[in-house]
Amino acid sequence: MTPRSLGTTERSARRGTNLPRVAEYNQVLVLDLIRRSPGTSRSDLVQRTGLTMQTLSNICQRLVAAGLIRESGRVRSGVGAPRIVYEVEPTGRYSLGLHIDPARLSLVLLDLAGSSVHSSTVATPESPGPSHVFDLIEEQIGALLTEAAVAPELVAALGVATPGPLDVEHGAVVGPPLLPGWGHVHLREQLAQRLALTVVVEKDSTAAAIGEVWAAPREAENLAFLYLGTGVSAGLVLDGQVLRGSGSAAGRLSHLGNIGHLTADPDGERCACGGRGCVAVASLPAGIVEAAIARGVLPEGADTRDARVVEASLAELSRRAEADGDPVATELLEVAARGFARVGMQLANLLDLDSIVLGGPQWPAFAPACLRLVPGLVNEQYVARADHEVEVRGTAIGGHVGAVGAASLAMSETIFDAPGQLYLG
Ligand SMILES: [Zn+2]
């Protein structure tokens, strides 16, 4: 398998080659360039790839015949015949993205241009052992494709975003703490068998960061995605490259982006790790809901071990803060926002970030307090503030960001990164 590289800088600098045995590589390269720059012409492509006009014309013809690109018009510049310009054929191929969250399953269908054409969300089954969840996933994917009227053979792959820890080599989750009843589950193998699809598995926070970059690529991307789900973690992109850390090596578990023991509140409670006020004790949704119950803002009796109960309770706390102006609810959410700001500031200082993006399934409940406080707090304490500000924003994609990221990764790996997957004859 090729190294995963969903980045902008390295990829755009790739050059083609005129040797016949790498014809497939060239097709992938040309397709990717056309996706990134709709309305590009053959002479632009010749310039950007270094291929001959003859080779490039053959590739474009094959991509058109395969239904992956189409002529989007003709442009006249100077003398001579008008130039044909191309764009990808959005309906030429699709990818699916699935986000397995302890509270809910989100599913999206992306077209070849990267737009989300259909999506659905269901609650994660009450006894969330893997087999119940797999049954539901199979059913949901069937329903989504029927609703979107997309033939299954047009789906290139399924990307799955899941809580860690992740065994990257085998595409397996290993005892995720937030999914009761899940031991060592070979997600990639089991889903590939059930669905007869290529399956790519990624950690939820990393998938969210990929989704953000995919949806709105920028020149140089240095961002941390603060993923607020049942757990809290960070997905990291530096110099346009997604980071995966030592866990991407064979036989290791991926723990990259584990921010559980960064300090959210220096005066907070002791943590089992020996620190004080770690994210794991101060900023997790379940703990915030417990504090709200203890202070009488939320009714007693909620089972905070149940991710769906926590999600509903947190939403209610947010409603009390924003709609009712309840001072205790407001205080609890602002304390959480200050914790996320402190974590964001530590990451920005360490990694020299351009931006911090907040999102994930619990983001809507945290959004008002975070958008009020986090941008100012991060930049007040950011050491390089004399040189540049850190942009703090909410996700551009919304609640499906993990699923969109997984789908874009699946598309990138099977169509744009792996020449062997493109059989154009
Ligand atoms: Zn700790």
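**The zinc site and its setting**

Modeller: C273 counts as partly exposed because its relative accessibility is 44%; that class lies between buried, under 20% relative accessible area, and exposed, over 50%, with a 1.4 Å probe and protein chains only. This is a predicted model, in which local features need pLDDT of at least 70 and side-chain atom pairs count only at pLDDT 80 or more, whereas totals for chains, interfaces and linings use all residues. Residues are numbered from 1 along each chain as its sequence is written, and side-chain values use heavy atoms, with hydrogens and water left out.

C273 is one of the residues that coordinate the zinc ion: the donor atoms are ND1 of H261 and SG of C271, C273 and C278, at 2.0 to 2.3 Å. A donor here is an N, O or S atom within 2.8 Å of the metal (3.2 Å for Na, K and Ca), and since water is not among the atoms, sites may look incomplete. Along the sequence, the donor residues follow the spacing H-x9-C-x1-C-x4-C.

The geometry is tetrahedral, with angles of 104 to 119 degrees among the 4 donor atoms of the zinc ion. Four donors receive that label if all angles lie between 85 and 135 degrees. For four tetrahedral donors, the ideal angle at a metal is 109.5 degrees.

As for cysteine pairing, the structure holds 0 disulfides, a disulfide being a pair of cysteine sulfur atoms within 2.5 Å. Another cysteine, C370, is buried, as its relative accessible area is 1%.

Pockets and cavities are found on a 1 Å grid over the protein atoms alone: a cavity is a set of points where a 1.4 Å probe fits but cannot get out, a pocket is an open set with protein on both sides within 12 Å along at least five of seven lines, and lining residues have an atom within 4 Å of a point. Grid points are joined across faces, edges and corners, and the volume is the space filled by probe spheres set on the points.

The lining of the largest pocket has 36 residues, and P163, P177, L178, T230 and G231 lie nearest the centre. Elements giving two or more residues to this lining are β13 (232–238), α8 (279–282) and α10 (307–322); helices are DSSP runs of H or I of at least four residues, strands runs of E of at least two, numbered from the N terminus. With 3 residues, α10 gives the most. By class, the lining of the largest pocket holds 17 nonpolar, 12 polar and 7 charged residues, where Ala, Val, Leu, Ile, Met, Phe, Trp, Tyr, Cys and Pro count as nonpolar, Asp, Glu, Lys and Arg as charged, and the others, Gly among them, as polar.

The structure also holds 2 cavities of 30 Å³ or more. The second largest cavity, of about 40 Å³, is lined by L98, L105, L107, S120, V122, I137, Q140 and I141. Its lining comprises 6 nonpolar, 2 polar and no charged residues, and α5 supplies the largest share, 3 residues.

Technical notes
Tetrahedral: all angles 85-135°; square planar, octahedral: opposite > 155°, others 65-115°.
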